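Here are my notes on this model. Please read them with the structure open.

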Amino acid sequence: MAQKRGPGFAAARILNLQAVPASGGVTHSLTPCIGTPGRGLEQNQTVSRFPAGRAARVFSGIRPALRVALCNGASPGRGQAPVVCANTGQEDARTREGARHNGGRHVVSTRTNTCIVGLTWGDEAKGKIVDILSADHDVVVRYNGGNNAGHTVAFGGDTYKLHLVPSGLFHAGATCVIGGGLVVDPQVLLEEITTHEGVAVDLRKRLLVSTRAHTIWPWHKKIEALSEKHLGKGKIGTTLRGIGPAYGDKANRVTAIRMGEFLRPEHLQPKVERIVASKNEIFTKVFGDEPLDAAAVWDEYAAYGEQLAPMIADTTSWLHRAMDDGKRILFEGAQGTLLDIDHGTYPYVTSSNASAAGVWPGTGVPARAIGEILGVVKAYTTRVGEGPFTTELADAIGDQIREQGNEYGTTTGRPRRCGWLDTFAIRYAARLNQVDGVVVTLLDVLSGLPELKVCTGYRVDGAPLEAFPDDPPVLERAEPVLESLEPWSDDITGVRTFGDLPEPAKAYVNRVEELVAAPVRIISIGPDREQTIFRA
């Protein structure tokens with residue numbers, strides 16, 4: 001089917017809405033549509049007809065809300081391709097009213113469901129972006145990881161550090177959900193609630209913790225510390241928070257404990273005693289270390305469970321009802337795509353799906369319900385822990401970036417390894433997540449550098465690589481292909497529009513767009529909410 005190129009064609013093209021064969025060889029095309037098919041396409045509106053079964057996503061800017069409107073006039077049936085438009089003001093009644101039932105089938109609007117995902121090794125300042133966008137959503141959901149994550153939110157001159165509670169907690173109208181894909185340390189969660197509930201209004205009433213979320217216990221942290229010590233130079237470089245062992249028990253099943261089990265203490269206590277006895281065999285006979293006291297562990301964690309019980313719920317069913325009611329959901333990823341257990345730089349990764357692929361198993365919300373995916377990157381690249389880092393700067397410039405960016409771990413305080421922006425890796429991550437737009441954070445940190453470079457590709461043994469390597473030894477040997485750009489010295493923390501940035505800074509952002517093959521929609525030039533530039 002031939003493409004019709006109207007005024008919205010360029011915007012659609014930058015979002016990768018080219019014709020794609022569906023099953024049976026059918027393609028989609030850009031078609032004129034405003035509210036109903038067949039009408040002319042007004043300026044700044046982008047329309048696309050998608051193949052059946054594909055998630056329909058069109059980016060139409062961030063403020064005042066992220067929105068994708070169904071505008072084909074009728075709910076698409078099985079095998080039909082819905083027409084989707086990113087419009088500047090017109091939305092049909094069905095989309096405004098939210099989800100409806102059609103012949104016994106849920107018809108869910110995806111126009112306001114958004115996913116925020118890191119595109120590198122985490123620490124991309126996702127917390128700030130989630131906090132800002134929470135104002136335009138009704139629900140904020142964490143879908144992966146545990147308290148190995150560190151999300152920082154700053155406003156009103158104060159800074160708040162979060163590890164488990166979603167970053168939307170400071171918006172009184174937002175319900176915060178900890179999804180079933182997380183591993184939760186009950187002690188840490190309670191400490192975080194207590195620390196922030198003075199600022200986060202009615203937090204205990206607005207926070208839901210999935211019954212399906214798995215839990216972290218003292219034996220998880222103990223065995224991780226012993227294992228890392230035993231591995232020596234071959235260690236993974238974990239946060240020692242017990243994340244990996246908890247996910248390991250999740251897969252093992254017989255030694256796993258889920259949050260919902262706190263609601264049945266009479267069942268849980270003998271289970272804890274059995275697990276402690278099993279783990280003590282490993283501590284004493286394998287590592288020659290001291291055993292845990294089962295009674296002491298139970299007394300401590302039973303008290304945590306009693307305090308958390310009012311917040312534990314079947315969040316999967318709750319989220320399904322929220323979608324039926326047309327609620328706007330924001331999915332918050334922890335870590336970053338290059339730490340994804342399946343698609344990251346294995347084995348130096350985290351223990352969960354840190355890409356957007358984690359939303360479905362981590363929340364119970366299907367992928368097709370996500371309207372927008374925004375990938376977050378720093379204006380440079382950092383990494384914590386062990387593993388290959390192709391653009392790492394072990395020199396004075398790397399030190400300058402670390403100090404100017406305060407690059408020390410939110411969770412561990414460890415100094416982060418710093419390097420040039422790796423657009424070769426980011427392009428891979430952007431493609432993997434099929435992002436609709438990119439958020440560039442900490443652009444202000446690059447001010448004053450004596451030189452400025454970006455990585456555009458890798459070479460191994462002098463030969464260029466066509467794709468980001470999936471083989472760890474190849475990645476270890478990769479050398480960056482660097483491109484020099486003009487640096488700038490201006491302080492940009494007070495800038496509020498893209499046009500007011502120094503020309504070299506604008507050129508840098510534009511070059512990132514070209515190399516990553518995705519539009520830069522938001523630019524952060526400082527930690528505060530107000531230090532943010534939105535691009536239409």
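1. Start with strand β12. Cys176 stands opposite Leu207 in β14. That pair belongs to a parallel pairing of β12 with strand β14 (residues 207-210), which runs over three bridges. Bear in mind throughout that this is a predicted model.

2. β12 also pairs with strand β9 (residues 139-142). The sense is again parallel, over four bridges. Within this pairing, Val139 has Thr175 of β12 as its bridge partner.

3. Which way do the side chains of β12 (residues 175-178) point? Thr175 and Val177 go one way, Cys176 and Ile178 the other way. All of them are buried.

4. Next, the helix pair α8 and α9. Two packed helices are described by the angle between their axes and the distance between the axes. For helix α8 (residues 265-285) and helix α9 (residues 294-308), the angle is about 145 degrees and the axes are 9 Å apart. The crossing of α8 and α9 is right-handed.

5. Which residues make the contact between α8 and α9? From α8 come Pro265, Leu268, Gln269, Val272, Glu273 and Val276. From α9 come Ala294, Val297 and Trp298. By class, this contact of α8 with α9 holds seven nonpolar residues, one polar and one charged.

6. Is Lys279 buried or exposed? Lys279 has a relative accessible area of 11%. The cut-off for buried is under 20%, so Lys279 counts as buried. Leaving aside residues up to four places away in sequence, Lys279 touches Trp219, Asp249 and Thr255.

7. Finally, inspect both ends of α13. At the start, a side-chain oxygen of Asp422 comes to within 3.2 Å of the backbone nitrogen of Phe424. Just after the helix, Gln434 adopts a positive phi of about 50 degrees.

Key: Residues numbered from 1 in each chain as written. Predicted model: local features only at pLDDT ≥ 70, side-chain atom pairs only at ≥ 80, totals over all residues. Heavy atoms only, no water. Axes fitted to C-alpha atoms, helices over the stretch in contact; angles between N-to-C directions. Helix = DSSP H or I, 4+ residues; strand = E, 2+ residues; numbered from the N terminus. Left-handed = near helix turned anticlockwise from the far one by under 90°. Contact = heavy atoms within 4.5 Å. Nonpolar A, V, L, I, M, F, W, Y, C, P; charged D, E, K, R; others polar. Polar contact = N/O pair within 3.5 Å; in protein donor to acceptor, adjacent residues only side chain to side chain. Buried < 20%, exposed > 50% of the residue type's maximum accessible area, 1.4 Å probe, protein only. Pairing = 2+ DSSP bridges.
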